[in-house]
Structures are given as structure tokens and as C-alpha cells.
Amino acid sequence: MRSSTGVSARVAELVLAAWCGGCGLQSSGLTDGGGEGEPPDGDGGGDFVVEDGGGDRPDEGRDDGYEVPVSCGDGTLDPGEACDDGNDDNTDDCLVGCIPASCGDAFVWAGMEECDDGGSNSDTAPDACRTSCRRAACGDGVVDTGEGCDDGNRIDTDDCRNDCIAATCGDGVIDAGEECDDGGANSDTAPDACRRSCRRAFCGDDVIDSAETCDDGGSNSDTAPDACRTTCAPAGCGDGVVDTGEGCDEGGLNSDTAPDACRTACTPASCGDSVVDTGEQCDMGFGNSDTVPDACRTSCRRAHCGDSVVDTGETCDDGNTVDTDACRNTCAAAGCGDGVVGPGEDCDDANTSNTDGCLNSCVAASCGDGFVHAGVEDCDRDPPRACTSSCGSGGLEACTACAWSGACAPPAEICNGADDDCAGGADDGFACVQGAAVGCTTTCGTSGTGTCTAACAIPTGASCTPPAETCNGLDDDCTGGADNGFACVRGASVGCATTCGTSGTGTCTAACAIPTGASCTPPAETCNGLDDDCTGGADNGFACVRGASVACTTTCGTSGTGACTAACAVPTGASCTPPAETCNGLDDDCAGGADNGFPCVQGSTQACTVGGCSGTAACSATCALGACDFGAAPANDLCAGAMVLPAGTATGSTCAATADVDGSCGTAGGKDVFYRVVLAARSRLVATTAGSGFDTVLHLHQTTCTGTQVACDDDGGGAGGASAVDVVLDPGTYFLVVDGDGPTASGAYTLATTITPSPANDTCAGATAITGAGGVFIGTTAGAANDYTGGCGGGAGADVAYTFTLGGGSDVFITTIGSSFDSVVYLRSTCAGSDIACQDDYRAPVSTGAILQRDNLAAGTYYVIVDGKTAAARGNYRLEVNITSDDNPGDRCGQPFEWVPGTAQYCLDTTACSDEYVGSCASDTDRDRVYYVVVPTAATVGFTTCDPGTNYDSLLYLRSACLDSATDLACNDDDSGCAASTQRSRLPATPLAAGIYYLFIDGYGNSHGDYCINAF
């Protein structure tokens, strides 16, 4: 390093001067010793030595235009020197001659330059030192020794790599025209590998990749039976080619609903497939029955009279054509009225008339049977009929020996003003003749007149008309008072007008007239504002004159005014008008409260409400109401007082709380309270404020109340601004904040929480191991998180993981049918990878469970994810995984045949199968096949091999878990009722809940061969 100082302050100017060869140092401020600011121009003046060999130092043969000061090399930066480090080292930043080091000076500046060949530096010559004093290198645009190319860029996907090797297939970089390039991993035999032609693995490359189930290369065919298809899917039902074991295949036209179509199981349309085909009257599939009333028959003919089943509208059905037995050919039971005289019947005319010779009871008509035989009888047990007597009254004629007698008997006498009994004289035997005028006694005891009643009785009461009234002091006309119609009752005391105009009393005259003048006595004085007693002066003797204004005491004790009462008393209570109200804490105006008309009562407190909160406010001396006081803050108002979050329901109020922490959702500034939860294990936390009295916000923080927010919700909890959080949390401490949606949102809250431990297999890290051949796994996703999403059906719900490892190619059957929620299942080789296969609903809408099958799945480790289709889809699940070695389809539980819902029959053989399973009803069995049967809703289902297509001693059994013989629901070896052969088998109609089941066709002993299984 240089020992001189100040070099760094002027190095830029000196370097510039050096590059200019002394052609312009005015800007540096250097002088030539004369103080005139002249540049060092080599003219010998001043302190400079020129390159002429003279002076104190040799010029070293310099030819670069620099003047070498005599002091160069002394370590001090003198005028005329660009640098001076006091040494003779040409590898540092100051060369001999006090010249700054630079690229192209033929000296390698240590630590700054890789090379320096001076004038030989070149940016185009191979292997040359570059003009930047960098060694030739890959990426400098020149092809040097050992490089195959050099395009001078950093693009590693063009024709020249960044290591200057020409791009080729197999170099690990995808070039133009290449689909992939995994370098040494390129392979024409490894599944899913990039091929050695740098083409992606594809269907038809003769390698079975993860998304393929077969690949025969050039032999793939969409027309050859049993060939691998050009989509690398195995030959199967629905591909339009009739393969081994298929009775038909119309491809996309296969249908389980179209009449006469090939079914989706590639079986021909047939009776029992739930579709009404040509020649069929009906088809109810499993529901076809030759024993159930009104069912479609197994011949696909509608229920009808003569099919031996009593259907609706039939009373019997004996299935024969004999019309003289107990059941007629119309399917009506034999009986009276059917036109046939049967045992115990006198006759049977098949009609409903009881007026002919045969009654409806099939008994011959006769006199006394209660029915009139037309043309033979006039009457039969009829009641007497009406007739006219000899005196013209209504009599009765009797029915005798089924004929009318001809004699009319008169009736008894009645009160009607007529001679009824033909005895002479009307109403004989009664008090009077109905309607005649008679004398009678009035209601007031006087003698009146009236009319004989309809019951031939003397009239009484109001029916007896009184005489006219006279002035005699009596009530003659029964109108309710004596001498009515006159001024008064003779001799009675009556009211009259006094000499001073008041109302007095006197005696009614003999002419029934009101007394006058002195004959009218004045009354005593009363309180009425008048002179009643004619002595002069109103209301004399009373406290005040009625109606006059007087002073009085109000109901609340204040002094008021009022009118003298009707009783001439000073008014009291409400009759005393109070004065106006003033602010004094009293009830001046008696309106029912002190200081009414003012905002509040002086010195009082009153209830107040702000939003959803209630408190108290104090009234000032001027009757002004203060702020609302909600009382003491809740214990969990601050984070330091956070309550332990209960699993259940907590209630409280934020009215007296403060606003401390805001979440990322909702409106800031709301009052809040804090709850703390410590989780020892991964768990699902669900919290909701449904039912709270204000618009809430919930937010959840980790470690501290202001720590990392892990959840926030404003209005996701339902009506009324309720909030809800639903999150799966790792072990740790969390704080749940019940907040208001803005400064005015506060009140009583209800916080409902559930904490559900997450299942151990919530993530792939804890995936449950499936060992051996698998089995049935029962669990719940209630506490699980939504960690994964499949490629089908949504998969937005909670999920759990299972894992299994295959040592070699295996058939795998996976199903979630029987789960309590709409499930999705997918298979992966790594949890973070893509789906190998994914399935949603099985034959929607048959089941919201899934079925996933893989034929000959390669050796390796796999993960099964059981997921919910939607965010709300979670709960109990049933996962069944069957793993068996690769075999023919239908031979083992890893690849069972499907029994398509609604299919009535499947025919195949067991010759090519192996002996894998044993039913509970036999210990010695031969080769077998297995079908899976999905029952959409609870049903009763049976199966039989009693069919001409079965040619060996068969065995049938039904299970709820394919690999578990302990789950046999039904098993049968020999069917004694089978006409074709009792060595066939029959599973009786078995009630099955909705779910998945497995049907096995097996052989007894060493029996195997062709079979036809029929469902019923």
C-alpha cells in the first residue's frame, strides 16, 4: 500500500490525467512550480524531469507520454504523480513510474485482473486474455479450446448450454423441438420417464405409465377384442368392442335407461334390468316379483288376474280358469250375487233387486220377509197407512196378510176446533173451544178478556187483555203504575215548583193534578250554586260556592288552584291544578315525576342504552344527563386477563370493555375481550357468536394477543352479524378475540366453541399404515383440516391420509361407500404430487361415496386420501381397501366385477379363476369370482344360480367386507327348490341397508364351470 496520504481524494483526476497522457490536467489544480496553474508539459521548467535520460532518474525507455517526476518512488504523492506507493511492484494498483495500474498495461493487477497481455488482449481471438483483463471463458462469445460452442448469453435453453456444450437430447435441458429432457434418467422402459427421443411418456410407447392401465405400443387397438385401447385403457365395457365375457358393447350408446340398448355392464337388454324393452309390459329390476302384489312379474308382464297373486282390486287369484270353484275367473271370491246358485243358496239371480222372486241374500221371496214382491204383494210388514175417517179426520189402514185391510180407524180427539173422533162436538173434554172469546184475569188482578188457547185452555197473563185506566189510585190497565195517563197518582207525594223556583214536594190532588204555590214545600239547602230553601243566598252553610275558583293543595303537596266541588268542598287531588314544573328535584306539576319536561331529575341516575349495551347516567344540577356508565370492565377486557376458552358456551358483554386489538377483517375500533386456549395436540377449533346481541368479529392470534393472526371472520356465522372461525391448529397457545364490527358495535355475546382433536392421520406425515391385504377402516374427519385437494369432485373438505406399500404389481380396490358425508378419494405416490387416480360419486346419484380401482398397480409406496367434497362435508367415514396380487378381473377382491344397479342377470364362468375364498356354509370349495353390489337405499335383495346357464354345483355367499369372511350375511350351497338341479344355490331375499356388498360365486368341492346369477 502507498504510504502517502490524500491519494484517494484525487485518484479519479490523476487516473484521468494518466489516460490523457498529460493532455489536460488543468482541472486537477496541479502547477508547474511557477504557481500559474500551467500543466506539466515536459518543457523542463519547475520540478519535473522529462523522459530524456537526464535529471535524477533514468527514463526507463518510457514511450507512453508520461513524465516521471524525480520524486517518484518515495511513497509521497507529489505534484505530477498520479500515484506513489514507494515500491517497484507492478502487480498492485500503482506501477513503477507512479502510473495507476490499468487493463492493457501488460501487468496483471493482483486481485483485480485475471490476465493482461497488453496489446494482445482480444475479445475475438480464441483463448486470448480479454480486453476486460479476464481470462477466456465460457460465455464470452468466443469458442475457446475445450468448448463446443459459445453464444455469449445466459440462456440455457437455446442451442448452446451455459457450460458451452452444444444442446443435445439427453443433456437434461428441454430444447426447442423437445418435449422433455431428464438427462441420464431418460428411458424407453421406465414408467412416466422422459423418453430417449426427448418426448414425454405417451400412450402407445409400449410402457405402462402412471395414468395408464395398459400399453401394448403398436398393438393398441380400438377395434380388436380384448386389446389395450389407443387411450391406454384396458378393453372394457363401453368401448364399443365386444370383448371376452361381454354379451354386447355399443360404446357410448350403452345405456341402463334406453329400451333395447346394450347395458352399461355390456349385457343385452333383458327382463329384470329395470328398463321396459320391446315385448315387455313393465320392468322393475330387483323389484320384479311373482309373489309381491301389484309388482311387475319376473316375465316383465304387469300384475294381472290369473297370476296367482292377489293384486289391488282383486279379492282372490287362484291362477286357474275354473269358474265354479271358490275364486271366479274375474278374481272375485265366489258368493251370493254372482249368478251361480251355490251351496246354502235358494236362488242367485245376480242382481241387487229385493222386489223380485230372489232376494239379495239368495233366499226365495215370501210374505213376511220385509220386501214387497212386485205383482204378488201389496205390502209386507209395512206400518199402517194414512186414510180418511167417516167424519173427515185422518185415520189409519192396517197391512194384513201382505194386503191392505180396507177399514179406516178414526184418531183420538185433539184440541183443534174440530170433531176428530167422530163422537160429535168440537174439542169435547177440554176447558174451552180452541179460538173462542172468553173472560179471564189480568196480570194485575183486574177482569179482562181473551181467546181460548191452541191447547183449549183459558188465557192467562199477557194473553188476558186489561180494561182502560181510571183516576182511582189503582193500576187498572196493568201498565206498571196507578193512574197512568194522569199528572200524578191521586193522594201520592209528588215533586212541585216552589215560590223561588226550586223543586219542592206536595200531595197529588183528587183530580190527579200537581200541587202549586204554597201547597209546594221548599227543599233543604243543597250544594248546587243555587238558593234551594228560598231563604236567599246560594249554598249557604257549605265551605264554598259550587264551581267558584279557590286555592287548594295538589296531589303532590304543592299549592295550586281549582273549582269548588259539586259537594261545595275545597278541591283536592287531581281537581287542584298544579303550578308549572321547575328543575328542583321535585314534582311541581304533579305529572308523576320530578323535573318532568327536563332531560332528567336533578341528582338522580337513570338507565341508558348505547347500541346493545345498558348502563346508568347521572343528572346534573341543571337537569342535564351525563354519559352512560356501563360499570366495571370485564375481567378479560385486556390480554393479561384473558379467560381460558371453554369447550362449550361462554357468555359475557363487551359494553364496559375497551378497544385494544383489531383483526384483518371487519371494521376497526370495536370493543373486545380475550380468551386463551392451550392445545397440547393438533386440534380443530370451531367458534361462533351466533345469538349475540351485536355485530361481532372473531379473530385468532398465535402465542400473544397481538401475535400472528391465524383466522379472522366478520359475518360468516349467520344472521345478525354473527361470526365464525373453523381452523385446525398445531399445538401451542392461541388467543381468541371477541370483537365488535366498528366502534358502535358492542353488547352481550354468546361464544360457542368446540375443540376436536385432529386424527393422527390428518396429514400424510401421520398417515395410517394399511398392511397386508388391507381391510375396512372406520374413522372421522370431524377434527381434520383441509390439507389436500384431489383432481375430481372438489375435495374442499377435511381429509385424512392412509398409506400402503406394494412389493409387486397388485390389484387395488378402494371405496368410501357407507360414509356419512359426500366423499372424494384419490390415490397418489406422494402427498404433494399429482393424482394417480381420483374418484367422486359412484354412478351419481346412486351413492355419494366413491369407488377407485387400479389394475396391476406397480410396486412402491402409495397414499390414499379420504376427502370431503365440500367445505361442510365431514364426519364419520368407512374406507375399505382391498389389495390382492394381480389376477384376472373379477377373480379377487382387489379387482371385483361390478354388479351394475338394476341388472337382473350376469353369466360367465369360473374356469380361468383360482380358489381364493370360502363361504361360511361350506369348507370345501373350488374356483370363485366376486362382484361388488352397491345398494342405493335400503332394499331386500336375493340371488340365485337356479338357471339353465349354470352347469355345476355352485355356492353363493354375500359379505359386507370383501376380505372378511366373518361378515357373511347369507350363504347357500344347495337349493332344494331349484327344478333344474338342487345343486344350484339360492341366497334368500335379504334386507340390506344402503351400502356396498360383495357377492361370491363359488363351487362346492372341485366344481367349476359356467354360471348365470339372477337377482331378485
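In which strand is the place of Gly-995? Gly-995 belongs to strand S40, residues 995–1003, where helices (H or I, at least four residues) and strands (E, at least two) are DSSP runs numbered from the N terminus. The model is a predicted one, in which local features need pLDDT of at least 70, side-chain atom pairs count only at pLDDT 80 or more, and totals for chains, interfaces and linings use all residues. Residues are numbered from 1 along each chain as its sequence is written, and side-chain values use heavy atoms, with hydrogens and water left out.

Gly-995 has a relative accessible area of 8% and is therefore buried; here buried means under 20% relative accessible area, exposed over 50%, and partly exposed in between, with a 1.4 Å probe and protein chains only. The C-alpha atoms of Gly-995 and Ile-817 lie 6.0 Å apart in space, although 178 residues separate the two in sequence.

Turning to the sheets, strands pair through backbone hydrogen bonds, either parallel or antiparallel. In this analysis, two strands count as paired if DSSP finds at least two bridges between them. Val-812 stands opposite Ile-883 in S32.

The cysteines come next. A disulfide is a covalent bond between the sulfur atoms of two cysteines; the criterion applied is a pair of cysteine sulfur atoms within 2.5 Å. Searching the whole structure gives 46 disulfides. One of them joins Cys-613 to Cys-655, with an S to S distance of 2.0 Å. This link is left-handed, with -90° about the S-S bond. It connects distant parts of the chain, 42 residues apart: Cys-613 is in strand S14 (residues 613–618), while Cys-655 is in the loop between strand S16 (648–653) and strand S17 (672–679). Cys-613 counts as buried because its relative accessibility is 1%, and Cys-655 likewise counts as buried, at 8%.

A further disulfide links Cys-907 and Cys-1012, again with 2.0 Å from S to S. With 115° about the S-S bond, the link of Cys-907 and Cys-1012 is right-handed. Distant parts of the chain are joined here too, Cys-907 being in strand S34 (residues 905–909) and Cys-1012 in strand S41 (residues 1010–1015), 105 residues apart. Cys-907 is partly exposed at 36% relative accessibility, whereas Cys-1012 is buried, with a relative accessible area of 8%.

The sulfur atoms of Cys-946 and Cys-978 are 2.0 Å apart and form a disulfide as well. The torsion about their S-S bond is about 90°, so this disulfide is right-handed. Cys-946 lies in the loop between strand S36 (939–944) and strand S37 (954–959), and Cys-978 in the loop between strand S38 (968–972) and strand S39 (986–992), so the pair ties together parts that are 32 residues apart in sequence. Cys-946 is partly exposed, with a relative accessible area of 27%, while Cys-978 is buried, at 4%. By contrast, Cys-913 is in no disulfide, and the nearest cysteine sulfur, that of Cys-893, is 12 Å away. Cys-913 is buried, with a relative accessible area of 7%.

On a 1 Å grid over the protein atoms alone, a cavity is a set of points where a 1.4 Å probe fits but cannot get out, and a pocket is an open set with protein on both sides within 12 Å along at least five of seven lines; lining residues have an atom within 4 Å of a point. Grid points are joined across faces, edges and corners, and a volume is the space filled by probe spheres set on the points. The structure contains four cavities of 30 Å³ or more, and the volume of the largest cavity is about 50 Å³. Its lining comprises 13 residues, of which Cys-72, Gly-73, Asn-87, Leu-95 and Gly-97 are the closest to its centre. By class, the lining of the largest cavity has five nonpolar, four polar and four charged residues, where Ala, Val, Leu, Ile, Met, Phe, Trp, Tyr, Cys and Pro count as nonpolar, Asp, Glu, Lys and Arg as charged, and the others, Gly among them, as polar.
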